[in-house]
Amino acid sequence: MLSLTNGLDDRVSTEIGDLKVNLSFNNVLKWYELLDKNDVALTKKLVIGWNIFLGADTLSFNDMEDYEVSADALKKITEYISQDPYQPESQIGIGNNQPNIEPTKWFSYQQDAEAIYASFLFDYGIDLIDSIDKMRWEKFRALFNNLSSKSPIMRIIDIRQANILDYQGQALADLTRAQEYYSLEDSSVDTLNQQVGDMFTMLKGMAEQK
């Protein structure tokens with residue numbers, strides 16, 4: 001989470017020591033995209049996720065212990081990138097069997113990529129493509145959370161949130177078509193965060209059966 005008094009931490013504590021973690025915004029989005037792929041095995045997600053954030057040369061994945069190290073580190077990273085300044089940390093249910101009470105998500109980082117890109121350019125003059133591997137996740141999220149109501153993504157979110165009961169006639173027909181066009185298909189971020197807890201629990205069960 002962004003702080004105006006402390007710098008951005010670039011290390012994570014793992015079972016093999018403190019390691020440098022790459023939290024560029026595009027790496028975080030790659031991780032969320034990976035979690036949403038149901039055709040990728042749990043163990044492969046642990047390998048790819050580790051490589052995304054910590055590098056392929058830091059863990060060999062030769063035995064179950066390596067996968068446990070990865071699961072624990074990815075759980076910590078996901079808890080960190082999920083922090084919300086307006087939501088108590090205890091309410092973020094990643095692998096703690098607590099109900100997820102995070103507010104409904106009205107956007108998708110993947111499906112809304114074009115609108116998000118255009119919004120950063122519209123509001124801040126920031127080209128996100130040029131910012132790949134440069135902008136930290138904390139900065140990206142702070143800017144995203146404070147986009148103006150006139151930005152493309154916020155206008156799409158307004159359409160998704162609109163109550164059809166408040167509209168009539170042609171306005172209702174236009175809204176219905178717009179909501180259908182902009183309907184979300186992939187999982188919300190809070191659902192993906194919970195998958196990390198499920199992965200961690202499954203891996204622990206596999207290790208206990210050995």
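**Values set against cut-offs**

Q: Why is Asp-84 called partly exposed?
A: Its relative accessible area is 21%. Buried means under 20%, exposed over 50%, and partly exposed in between, with a 1.4 Å probe and protein chains only. Asp-84, at 21%, therefore counts as partly exposed.

This is a predicted model, in which local features need pLDDT of at least 70, side-chain atom pairs count only at pLDDT 80 or more, and totals for chains, interfaces and linings use all residues. Residues are numbered from 1 along each chain as its sequence is written, and side-chain values use heavy atoms, with hydrogens and water left out.

Q: What makes Asp-84 and Arg-141 a salt bridge?
A: Their closest N and O atoms are 3.8 Å apart. The rule asks for a side-chain nitrogen of Lys or Arg within 4 Å of a carboxyl oxygen of Asp or Glu, so the pair qualifies. This pair links distant parts of the chain: Asp-84 sits in the loop between H3 and H4, Arg-141 in helix H5, 57 residues away. Helices (H or I, at least four residues) and strands (E, at least two) are DSSP runs, numbered from the N terminus.

Q: How many salt bridges does the rule give?
A: The count comes to seven. One of them joins Arg-136 to Glu-138, with closest N and O atoms 2.6 Å apart. Arg-136 has 15% relative accessible area, so it is buried. Glu-138 is at 4%, so it is buried too.

Q: How do you know that Lys-75 and Glu-79 meet in a salt bridge?
A: The N to O distance is 3.1 Å. Both residues lie in helix H3, four residues apart, about one turn of the helix. An α-helix has 3.6 residues a turn, so residues three or four places apart point the same way. Lys-75, at 17%, is buried. Glu-79, at 30%, is partly exposed.

Q: What makes S1 and S2 a pair?
A: Two strands pair if DSSP finds at least two bridges between them. S1 (residues 11–14) and S2 (residues 17–20) have four, in the antiparallel sense. They form a hairpin with two residues between them. Thr-14 stands opposite Gly-17 in S2.

Q: How do you know that the length of H4 agrees with its residue count?
A: The expected span is 1.5 Å times one less than the number of residues. For the 12 residues of H4 that gives 16 Å, and the end C-alpha atoms are 16 Å apart, so the two agree.

Q: What makes the phi of Phe-61 worth a look?
A: Most residues other than glycine have a negative phi. Phe-61 is near 55 degrees, a positive value. Phe-61 sits in the loop between helix H2 (42–54) and helix H3 (64–81). At 12% relative accessibility, Phe-61 counts as buried.

Q: Is Asp-133 buried or exposed?
A: Asp-133 is at 55%, so it counts as exposed. Its phi is also positive, about 70 degrees. Its place is the loop between helix H4 (113–124) and helix H5 (137–145).
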